[in-house]
Amino acid sequence: MAAVWQQVLAVDARYNAYRTPTFPQFRTQYIRRRSQLLRENAKAGHPPALRRQYLRLRGQLLGQRYGPLSEPGSARAYSNSIVRSSRTTLDRMEDFEDDPRALGARGHRRSVSRGSYQLQAQMNRAVYEDRPPGSVVPTSAAEASRAMAGDTSLSENYAFAGMYHVFDQHVDEAVPRVRFANDDRHRLACCSLDGSISLCQLVPAPPTVLRVLRGHTRGVSDFAWSLSNDILVSTSLDATMRIWASEDGRCIREIPDPDSAELLCCTFQPVNNNLTVVGNAKHNVHVMNISTGKKVKGGSSKLTGRVLALSFDAPGRLLWAGDDRGSVFSFLFDMATGKLTKAKRLVVHEGSPVTSISARSWVSREARDPSLLINACLNKLLLYRFMQSSQNWIS
């Protein structure tokens, strides 16, 4: 019945953001301690009925203390999502009984230092969609993929335990973006509202901070790796974008925003890395030439709100931009001139900021069409497919 204790941990994890909101570093420590106590109680051999009763009472008490997390009338769906949570046993969870830096099952060193973010937090991977248990993806064509995965559920396939490492160099300010380098799972970077960017190396162990890029006078809102990973572009609330050499951390160029507004997001044109698209607080999207430091003629367009997210498709012919009013705009990108042509507007949810957009194309039975993964402030991840009409691209 260790799975019941796993469900208890899942309930605690869902409410964890409400505990000590002014001291976020305690949340990770709380989950670790809960994991240890639940593991010890699992060894004590409590009757199954007692464990289920504790789970029910625990959920009720947390709901009374912090309020329900689900919509009214969806208690059954919430219960199902907990039951469908990862069946990883407590024996596979991180062991912090004696040495907090004990080596994990795969030989990775675990760090328990405070930090503003973590790679692989110990959180239960609950499946929030209300679909039958055991389903892999919500399509009838997924049976083949399910068989190849050993007839296991989505939550089982993505279950994990433990923590790899915690970086705490930006402990005093938020970290709005973390990105791995292109085709490199051992190198990543993160930007912070403290005005700096950190380049980190995960192997060889222990993980280290290679260098910290400083120069922005206000918080760094976003950054992007070039295709060859030798260049980074960053945007900042100081109304400038900067070009950095990743090898030595040198600032190559500083470019002011054409509107003198706070810059909130950026992305490289995937085929021509000499062009970068930025979005600002005055609702504008600009295509910038990083060699000349000037915006491209015809490469600007206006959205309905502050531009928070940008993403190209792989060929670089389509650009999506999301704003803080819940809309996503698609643009046709002229590869020869850099000119933008507005194609379609999609209202994801009025008044809910779109904070992240990711375009992907898969070769699989379940996703034959290109897809757009959108994160909006609805407590939801939204997956859209897009197709080409006779006039333009639509979502």
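A hairpin of six residues leads from strand β5 to strand β6; here strands (E, at least two residues) and helices (H or I, at least four residues) are DSSP runs, numbered from the N terminus. The model is predicted, so local features need pLDDT of at least 70 and side-chain atom pairs count only at pLDDT 80 or more, while totals for chains, interfaces and linings use all residues. Residues are numbered from 1 along each chain as its sequence is written, and side-chain values use heavy atoms, with hydrogens and water left out.

Of the 395 residues, 44% are buried, where buried means under 20% relative accessible area, exposed means over 50%, and partly exposed lies in between (1.4 Å probe, protein chains only). The accessible surface comes to about 20500 Å², and 51% of it belongs to carbon and sulfur atoms; such areas come from the Shrake-Rupley method with a 1.4 Å probe, and for residues only the protein chains shown count as cover. Among contacts with a separation of 6 or more, 51% are between residues 24 or more positions apart, a contact being heavy atoms within 4.5 Å.

Six bridges join β5 to β6 (residues 208-214), and the two run antiparallel; strands count as paired if DSSP finds at least two bridges between them. Five bridges join β5 to β4 (residues 187-191), again in an antiparallel arrangement. β4 and β5 form a hairpin with four residues between them, and Gly-195 in that turn has a positive phi of about 95°. Because five of its six residues are buried, β5 is largely enclosed by the rest of the structure.

Cys-190 stands opposite Ser-198 in β5, whereas Cys-200 has Val-209 in β6 as its bridge partner. Both are hidden from the surface: Cys-190 is buried at 0% relative accessibility, and Cys-200 is likewise buried at 0%. A disulfide is a covalent bond between the sulfur atoms of two cysteines, and the cut-off used here is a pair of cysteine sulfur atoms within 2.5 Å. A search of the whole structure finds zero disulfides.

Leaving aside neighbours within four places in sequence, Ala-224 is in contact with Arg-179, Ile-231, Leu-232, Val-233, Cys-266, Thr-267 and Phe-268. In strand β8 (residues 231-236) sits Thr-235, which is buried with a relative accessible area of 0%. With neighbours within four places again set aside, the contacts of Thr-235 include Val-220, Ser-221 and Asp-222.

Side chains of opposite charge can pair when their charged atoms come close. The structure holds eight salt bridges, each a side-chain nitrogen of Lys or Arg within 4 Å of a carboxyl oxygen of Asp or Glu. One of them joins the side chains of Arg-177 and Asp-222 (2.9 Å, N to O). This pair links distant parts of the chain, with Arg-177 in strand β3 (residues 177-180) and Asp-222 in β7, 45 residues apart. Arg-177 is buried at 16% relative accessibility, and Asp-222 is buried at 1%. Arg-177, Arg-179 and Asp-222 are linked in a network of salt bridges.

A salt bridge between partly exposed residues is found as well. The side chains of Arg-250 and Asp-248 meet at 3.5 Å, N to O; Arg-250 is partly exposed at 46% relative accessibility, and Asp-248 is partly exposed at 46%.Finally, the surface carries a nonpolar patch formed by Leu-373, Leu-381 and Leu-383, with about 300 Å² of accessible area together. Patches are made of residues with over 30% relative accessible area and no salt bridge, like charges being joined within 9 Å and nonpolar side chains (Val, Leu, Ile, Met, Phe, Trp, Tyr) within 5 Å. Leu-381, in strand β21 (residues 380-385), is exposed at 60%.
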